[in-house]
Amino acid sequence: NIEIADGVDHQVAMVMDLNKCIGCQTCTVACKTLWTEREGTEYMYWNNVETRPGKGYPRNWEQKGGGWESEEHTQRTPGEIPSSEDYGEAWEFDHEGILKEGEDKKLAPEGGKPEWGPNWDEDQGAGEHPNSYYFYLPRICNHCTHPSCVEACPRQAVYKREEDGVVLVDQDRCRGYRYCVEGCPYKKIYYNAVSKNSEKCVFCYPRIEGEGPDDEVHPPACADQCVTQLRLVGYLDDTDGPIYKLVEQYEVALPLHPEYQTTPNVYYIPPFAPPQHSRDGETVDAERIPRSYLEQLFGDRVNDALETIERERQKVERGGYSELMEILQDTNPAEQYRLEVF
Ligand code: SF4
Ligand code: SF4
């Protein structure tokens with residue numbers, strides 16, 4: 001049932017296991033260092049990790065429209081451009097004055113108290129003690145099969161590569177109209193006010209083409225440097241690979257907000273949390289992360305996915321073998337990167 005876009009040979013994909021994310025932001029820093037340390041990119045996080053429940057980055061991105069009205073992909077849903085306050089501007093600190101010139105003041109953002117910024121609500125979560133809960137949601141561009149950003153651009157500057165389905169912005173064709181920013185429901189295209197072009201995650205295409213360290217094929221930097229190695233990278237249509245198995249065979253890896261109808265190629269293993277506890281520590285028969293919240297993020301299929309994972313987990317507990325658990329528990333998915341075109 002997997003769907004590869006017309007005119008695309010193979011589709012690169014990523015599966016992230018949300019049960020393993022510790023919110024360390026190493027991926028964010030890896031991406032920032034490699035791609036967005038240029039002028040005009042200060043506010044951009046092509047990879048960000050947001051706390052859920054939470055407003056995300058840019059703030060309340062899920063309420064800003066974009067995507068498609070239906071699975072026919074004939075009509076796009078109108079979208080808006082997040083404000084600079086929603087992204088949060090880079091804060092200025094007087095390091096020079098305090099550290100070198102001995103100014104007697106506290107190290108704090110210059111120009112008044114900020115009211116919002118990326119990860120402002122980090123670790124806040126929801127629920128009541130002792131059953132409060134949260135989890136981390138790492139996000140990159142989904143390199144969608146039906147990318148509404150591509151359709152939104154009147155100059156065909158945003159395109160999907162034939163060889164691997166990576167979605168890129170042709171910097172020579174782009175005029176900075178920002179229709180793509182409006183059109184992406186995940187708000188994963190950013191406008192660079194210095195170059196006056198739009199930019200986005202490039203799935204580290206030079207690395208997957210073999211121009212990584214040592215001139216070898218490497219997965220995207222966010223996956224390579226993830227401390228818990230929770231990101232599997234490969235081709236969706238590689239039927240022997242773990243991505244195909246998780247997405248298609250076991251159906252436990254799910255796209256974020258499938259109702260946007262862009263058919264993302266980044267998939268998530270949903271989080272399962274311990275049950276709730278009473279104040280005296282007794283186990284209560286209720287889920288800590290409300291199922292309705294997970295359904296909001298991943299659609300109804302999250303129920304079957306969690307059931308399958310639980311069933312396979314119990315199989316292993318009884319001493320049986322589970323291929324699914326073997327894939328999910330692999331402590332070195334780096335060995336499972338399958339980036340050679342098959
Ligand atoms: Fe385009 Fe947004 Fe999909 Fe990325 S996530 S391909 S920017 S619609
Ligand atoms: Fe999560 Fe890995 Fe990123 Fe750390 S590096 S925040 S564990 S995805």
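Okay, one term before I start: when I say helix, I mean a DSSP run of H or I with at least four residues, numbered from the N terminus. And keep in mind that this is a predicted model.

Let's begin with Asp94. That residue sits in the loop between helix H2 (84-87) and helix H3 (95-100). Leaving out residues up to four places away in sequence, Asp94 touches Glu103 and Glu110. There's also Ala108, 14 residues from Asp94 in sequence, with the two C-alphas 7.9 Å apart in space.

Okay, ligands. Ligand 1 is surrounded by 14 residues, and the closest are Cys141, Cys144, Pro147, Cys149 and Cys184. Sort that shell by class and you get 8 nonpolar, 4 polar and 2 charged residues.

Over at ligand 2, there are 14 residues around it, with Cys21, Cys24, Thr26, Cys27 and Cys226 coming nearest. Helix H1 (26-35) and strand S3 (135-139) are the elements that give two or more residues to that shell. The classes here are 10 nonpolar and 4 polar, with no charged residues.

Last stop, helix H9, residues 291-298. Leu294, Leu297 and Phe298 are buried there. They span an arc of only 75° around the axis, so they end up on the same side of H9. And what do the buried residues of H9 pack against? Strand S9 (254-255), strand S10 (266-269) and helix H10 (301-317).

Technical notes: Residues numbered from 1 in each chain as written. Chains lettered and ligands numbered in written order. Predicted model: local features only at pLDDT ≥ 70, side-chain atom pairs only at ≥ 80, totals over all residues. Near = placed C-beta within 6 Å. Nonpolar A, V, L, I, M, F, W, Y, C, P; charged D, E, K, R; others polar. Contact = placed C-beta atoms within 7 Å. Buried ≥ 20, exposed ≤ 12 C-beta atoms within 10 Å, placed from the backbone. Arc of directions from axis to C-beta.
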